[in-house]
Amino acid sequence: MDRQDNWTTIIRPVSGWLNFNLAELWRYRDLIVLFVRRDFVAIYKQTILGPLWFLLQPLFSTLVFTVIFGKIANIPTDGMPPMLFYMAGIVAWNYFATCLTSTSNTFVANAGIFGKVYFPRLTVPVSVVIVGLLTFAIQLFLFIGFFFYFYLRGAPLQPSLWILAMPLLVVQMGILGLGMGILVSSLTTKYRDLSFAVGFGTQLGMYATPIVYPMSQIPERWQWLYAINPMASIVETFRFAFLGSGSVNPQYLAISAGMTLLIFFVGIVLFSRIEKTFMDTV
Amino acid sequence: MSDTVIKVEHLSKEYHLGTISHGTLYRDLQSWSARLLGKEDPNSKIDSIGRRVRNSAFKALDDVSFEVKQGDVLGVIGRNGAGKSTLLKIISRVTAPSSGAIKIKGHVASLLEVGTGFHPELTGRENIFLNGTILGMRKAEIQRKLDGIVDFSGVEQFLDSPVKRYSSGMYVRLAFAVAAHLEPEILLVDEVLAVGDIQFQKQCLGKMKEISEGGRTVIFVSHSLQTISSLCEKCLLLEDGRIKRFGATTEVVLEYLGGGGSSCANFTNLGKVVGDSFVQLLMGEVINNKQEPVNEIDIREPLAIRMRFRVLQDSAIRYIPNFHFIVPGGLYAFVSSPQKLHRLSSGDYETTCYIPGNFLNEGAYYVGLAISSYEPGLTIHFFEPAVLTFNIKDPMDGSVGRYGFGYANVMPGVVRPQLDWGVQKLT
């Protein structure tokens, strides 16, 4: 009956769990581009070093890690140059952590604008993840620069064909960060505790992931624990692809991919349900 | 109904008062599982007679149904908390209704607040694109309209400086310029006209008129009854989330003001006497020059207020009938009383105050009816404030001081007399 009347929009109460509208998101792709531009351009405005911050941050983290974990704590790095070893982990982890933490406050941080005008809410976290991807790309170039520096100095680096799987892994990290982020952001509209938990959790999560130590240092009987940490096998594969250290466990990678998709799916479902009414609870 | 563009059906919106959740995840899960199993929520409150209160819910909108036709300019009025903004928020999809539905034909754009999503660090130009896309435009579309937007905003010179350096006026102008070029089929406006200078308000109102004349639909929420009267043919009065009245603007505005005030008030069948032992008020009415009671008068037409009263005893008192003209907001327009007073013997009388055309301004007026006397001191025999209401209507055909359509804005002031002017060249 309504169809004959060809209404363009029918607004109804929230019902059901699967009302995710991909077509609408696509229609707003210009907005995603502009959000990315805004966040990318505006982030370091009125700073002296400007875009240099994109590089300084992983660089200094790497230096600190090299000194503390490499020199003082003497954690082995599978015979790799410690700088490269840590940087690989940091760049990958940073990308994931940024995606997670900055999407996790989507609703709360954008309550002002969401309260005034409608557009697909998913544009915000998606654009945040794209900004993260751009940052990651810049930092990856830094890493590759160091890679060649050490390579030419004769470090025992053995890049493998797994490099070709990199784009997939990058996408997976983005999806994982996005999925977890929107899951958390949907829940924080009601339980604000989660926003604290996220900051804390990503910090701790880094130590639960082989960033500052290699997988080979984990006793065999505990290795299975790393199978349920989807980031662990991604980071490990990332290192193996470039440096040839550690190993790739396709089984773990498959579990990781499965978990990523599951988290992403739950996140999307919850997000698209919450976005309709979160203005009443935020 | 092919030309209905918005159809609101039994729309309700509930807000839960107090705590939104029970605060802990455990209790929420408990309530949720109880709901899922169809059991009583163990965490719901219990009222004084032992029933479970489902929720201390507040209905911001309660079973609201109405239709808006294409090209209508619909005004929405009501006191604070009546549900006006909630209605707009649901139509603009910022929040979802609790029950009911809204069916919409065409793209909806809202000016719920201009400048949404402006980023202070970005330049004016960048913000035009950002804001435009947030409001639902495509990038190419904005590119096409860019010149128009920039012209309308009048901030050309500053287009490439960050908007944080803008004055608040420039900021608002730029924001409105973007919104004004949306060309939606349905435009929602909420009180945005409160900001900006007069010149700018004029542009805004002109743009709204242009949009409605282009066959598009406008829903306009405002507290300015004057603006509502001059822009909207139809009006929706909300009270406590329900529709109190929906219809022609004049009758709705009058209902809102007087809470049912009318052009004619009879005091003989009230069951109580209005007046004292000297005089009593019988009735009052607003009439046009054909002696018919009216509640809406063309601004060019004369009108009259007529009052009937009864003198109960012969005395030396000279009664002063006086009419109090008050505009919405409580401001006195003026008080009028006859020039000449007479001693009146007992009996029924009728007194009429004639108001010429082209004197009052457009908008609503209340009339209070009173009789007082000055012998020896001031005695108020009766004073019934705001018992009559009427609305002065500007035909908006450009005939009354509007110089064609040169000035489409609200004329300020409580009166709008047409006075004689002279222009002389100085030698």
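Start by selecting B:Phe383, which sits in strand β20 of chain B (strands are DSSP runs of E, at least two residues, and helices are runs of H or I, at least four, numbered from the N terminus). This is a predicted model: local features need pLDDT of at least 70, side-chain atom pairs count only at pLDDT 80 or more, and totals for chains, interfaces and linings use all residues. Residues are numbered from 1 along each chain as its sequence is written, chains are lettered from A and ligands numbered from 1 in the order written, and side-chain values use heavy atoms, with hydrogens and water left out.

B:Phe383 is partly exposed at 32% relative accessible area (buried is under 20%, exposed over 50%, partly exposed in between, with a 1.4 Å probe and protein chains only).

Next, show where the chains meet. Chain A brings 40 residues to the contact and chain B brings 48 (contact means heavy atoms within 4.5 Å). Pick out A:Trp7, A:Ile11 and A:Lys116, which supply 19% of the area chain A buries against chain B, more than any other three residues (buried area is the accessible area, 1.4 Å probe, that two parts lose on being put together, summed over both).

Last stop: A:Glu24 and B:Arg93. They form a salt bridge, with the closest N and O atoms 3.4 Å apart (a Lys or Arg side-chain nitrogen within 4 Å of an Asp or Glu carboxyl oxygen). While you're there, select α2(A), which gives the most to the side of chain A that touches chain B, with 9 residues.
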